[in-house]
Amino acid sequence: MRKVRRRSFLQGSGAALGGLVLGGGAPFYFARNIAKAQEGDTIKVGILHSLSGTIAIIETSLHNAELLAIEEINAAGGINGKMIEPVIEDPQSLVQVFAEKAKKLILNDKVTAVLGCYTSASRQSVLPVFEEYNGVLLYPTLYEAQECSKNCFYTGAVPNQQLDDFEPWIVANLDRKKCYMIGSNYIYPKETNREWKALLEKSGAENMGEEYAPLGHTEFSTVINNIANSGADYVFSTLVGDSIVAFYKQFKQSGFTAEDVPICTPITTEQETAAMGAENAAGHYTSFNYFQTVDTPENKSFVERYKAKYGANEVTNAVMEAAYFQTYLLAQAIAKSGTEADALIFEGLPGQEFNAPQGPVKIDEKNHHTWLWARIGKAREDGQFDIVWTSKERIRPDPWVDYLYPNKDCDFTNQSVLDRLKKPWSEEKNRSGTMDI
Amino acid sequence: MWQQLFMQCLNGLGVAGILVIAAAGLAIIFGVAGVINMAHGQFIMVGAYTAALVDELGGNMFMSIPIAFVVVALLGLIVERGVIQWIYDRPLETLLATWGVGIILEVTMKFIFGTLGRKVDWPDLLDGSIRIFARPPHFPYYRVFHVVLAIVILAVTFYILYRTRFGLKVRTVRRNRSMASCLGIDTAKIDMLIFMYGSGLAGIAGAVIAPIKAATIDMGFSYSVNSYMVIVLGGVGNLLGIPTGSFLIGEAETLLAFRYNTVIGQLLVFIAIVIAIRVFPRGIFGYQERR
């Protein structure tokens with residue numbers, strides 16, 4: 001659990017550090033458009049996940065999932081006869097090292113693309129590198145969205161894919177309209193709760209209270225008391241890390257059952273339920289695009305092959321699944337458009353589809369995020385989830401949800417935007433490659 | 001409303017119980033040997049992992065309490081003999097050295113156990129809660145247990161310090177170290193034993209805190225901070241400083257969190273402690289060494 005969990009903990013500081021490392025002084029004349037010469041018969045793909053340090057556990061599992069996919073692709077004959085050669089770097093869970101290693105992968109190793117990062121902090125520290133040297137990054141984590149980069153493809157869920165159907169489902173199926181929101185005190189929970197409040201309003205549900213606990217907080221008696229006091233009939237939790245385990249445990253010990261007041265969350269996965277003792281999570285709900293129990297032939301064989309390669313006790317989770325299928329998406333894109341970065345970015349990857357363990361997924365042509373399935377799982381006594389609802393079709397990613405940010409989205413198919421992005425570096429005022437919307 | 005307020009006061013008591021358990025070891029080492037053990041939180045963490053191991057091997061928390069006490073006391077012995085004994089008279093260096101020890105412990109434990117948290121269960125006996133009011137939240141047994149254990153730890157420590165020959169020597173050393181050593185008391189040995197005892201208490205703290213969350217590598221830090229606050233506020237002049245500081249902080253934190261919210265509650269407590277230090281520079285129960 002401890003993995004310093006999740007996402008953008010250090011988002012602010014990460015961005016700041018990234019800025020420091022790469023800011024102003026980067027020699028932009030150095031290699032704006034490096035010819036990605038492919039020597040030999042292999043296609044180099046960078047893998048950038050921490051194999052040591054605080055988030056190593058979760059990132060190692062992503063690393064493993066990607067290597068598994070590469071092995072399978074190579075065993076099936078590679079990409080048009082060329083083998084994929086993984087170039088592995090270990091950024092040691094240090095935000096500034098991520099940026100250094102990304103630079104090395106692009107400039108020295110001349111990789112075609114990089115699969116990597118887990119936290120928002122690490123992603124934000126490498127993005128300027130990818131944008132400056134025109135590299136390609138595929139990023140597998142669910143995150144708070146509101147970001148768009150020409151050079152980055154996001155294969156994890158954005159909030160609308162986890163929330164938009166969850167709230168109406170709670171109203172319709174659990175018949176609960178009094179919500180208490182508890183989250184960790186940083187950007188992801190606050191942004192998620194902003195959307196959740198809008199959803200509550202739309203369906204006429206009540207917001208009974210909203211509270212944030214410091215990161216790593218594990219003393220929840222007061223919060224639990226407040227929940228009781230508010231008269232809420234369910235809890236929407238965006239707690240991360242240690243706090244998840246402490247909250248579920250103390251909630252149960254205080255006499256609340258999942259039947260009385262269920263906890264609904266877009267965060268708690270199989271990994272947390274294992275760490276808290278599954279009986280503490282049983283009966284509570286999680287919304288995710290993937291669970292290990294997803295009943296597709298692709299998932300069965302994915303779980304089987306993963307366990308065969310890495311051990312029978314391994315569990316799979318949503319982020320690993322994204323790491324796995326994004327490797328396939330990349331391979332298909334290279335087969336389609338070749339290895340040149342702009343070709344990959346504008347032809348190969350957008351619209352690319354793959355039959356992933358969660359179901360068929362597709363990279364959106366406009367915003368570089370991924371169409372994913374939505375599912376709601378009810379935790380079982382054994383730590384796995386019973387899937388109680390699955391979306392009829394895959395859900396469009398919407399980095400800026402319409403009900404909060406009307407008409408805001410990014411569109412990399414818009415010709416004027418493309419013209420601007422393709423201008424030579426020296427004429428480019430907006431160095432970042434991200435778009436002003 | 002009154003029900004919630006009443007529950008909140010009880011919760012504050014529970015938090016105070018945890019604070020006493022976590023701070024006792026630190027306070028005793030600081031009070032007698034004059035060393036602020038920056039690795040205290042990591043000692044708690046080692047205690048928690050010990051409990052997780054006992055749990056995995058089929059034992060329960062009541063077994064892990066004595067085992068964690070012994071394991072962490074031995075760890076304290078190693079640290080004291082290996083590092084601290086050479087630098088007792090240089091407080092700044094002891095800060096740095098114990099801080100380093102804390103980092104070494106975290107990294108070592110990470111190597112051994114990985115970064116994934118370990119789950120620790122409550123013994124069945126303590127599973128559940130007292131129904132004070134008809135509807136939840138009820139008052140969990142583990143909070144009662146924490147309060148009782150806090151009282152037991154204070155009582156045992158009181159007995160050792162004030163009712164045994166060893167305790168008499170300890171108090172002598174604390175009052176006037178050089179005079180005590182002139183009178184033939186082996187002050188180095190007293191320091192060593194006290195360091196072991198304080199470390200062992202940290203082990204117990206880890207063993208009883210782990211079940212309300214999970215044993216995790218970085219759990220120590222927040223308990224270090226809270227323990228320092230207890231000592232700063234309560235003072236180490238006599239044993240009453242620990243429960244007083246814990247009670248004030250525990251109740252203030254929970255009641256303020258109830259009135260405002262958790263983040264503001266913590267903020268206000270920190271501000272209050274800064275002001276309190278201005279009024280009681282040595283804590284509420286500070287003491288002056290006799291020279």
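This is a predicted model: local features need pLDDT of at least 70, side-chain atom pairs count only at pLDDT 80 or more; totals for chains, interfaces and linings use all residues.
**Ground rules**

I number residues from 1 along each chain as its sequence is written, and chains are lettered from A in the order in which they are written. Local features need pLDDT of at least 70, side-chain atom pairs count only at pLDDT 80 or more, totals for chains, interfaces and linings use all residues, and side-chain values use heavy atoms, with hydrogens and water left out.

**Entry 1: the A–B contact**

I began with who touches whom, taking contact as heavy atoms within 4.5 Å. Chain B brings 40 residues and chain A brings 35 residues. Next I looked up the buried area (the accessible area, 1.4 Å probe, that two parts lose on being put together, summed over both). Between chain B and chain A it comes to about 3000 Å², with 49% given by carbon and sulfur atoms.

I then went looking for salt bridges (a side-chain nitrogen of Lys or Arg within 4 Å of a carboxyl oxygen of Asp or Glu). There is one between the two chains: B:R143 meets A:E219 through their side chains at 2.7 Å, N to O. For polar contacts I used pairs of N or O atoms within 3.5 Å; within protein, one must be able to donate a hydrogen and the other to accept it, and residues adjacent in sequence count only if both atoms are side-chain atoms. That gave 14 residue pairs between chain B and chain A, both residues at pLDDT 80 or more.

Which helices of chain B supply at least two residues each to the side that touches chain A? I found α1 (2-33), α5 (141-163), α10 (241-259) and α11 (262-279); helices (H or I, at least four residues) and strands (E, at least two) are DSSP runs, numbered from the N terminus. The largest share, six residues, is from α1(B).

**Entry 2: the seven-stranded sheet of chain A**

I counted two strands as paired if DSSP finds at least two bridges between them. This open sheet runs β7-β6-β8-β9-β10-β14-β15, and its pairing is mixed. β7 (206-213) and β15 (385-390) are at the edges with a single partner strand each, so one side of each has no neighbour in the sheet.

Inside this sheet, β6 (residues 178-184) and β8 (residues 234-238) of chain A pair parallel over five bridges, and A:M181 sits opposite A:F236. For angles I used axes fitted to C-alpha atoms, for helices over the stretch in contact, from 0 to 180 degrees between N-to-C directions. Helix α8 (residues 221-230) of chain A lies across β6, β7 and β8, at about 165° to β6(A).

**Entry 3: the five-stranded sheet of chain A**

Here the order is β2-β1-β3-β4-β5, open and with parallel pairing. β2 (83-89) and β5 (152-154) are the edge strands, each pairing on one side only. From one strand to the next, the twist averages 25°.

I noted three bridges joining β4 (residues 137-139) to β5(A), with A:Y139 opposite A:Y154. Helix α13 (residues 318-337) of chain A packs on the sheet, touching β1, β2, β3 and β4, and makes about 170° with β3(A). I also found helix α2 (residues 56-75) of chain A across β1, β2 and β3, at about 165° to β2(A).
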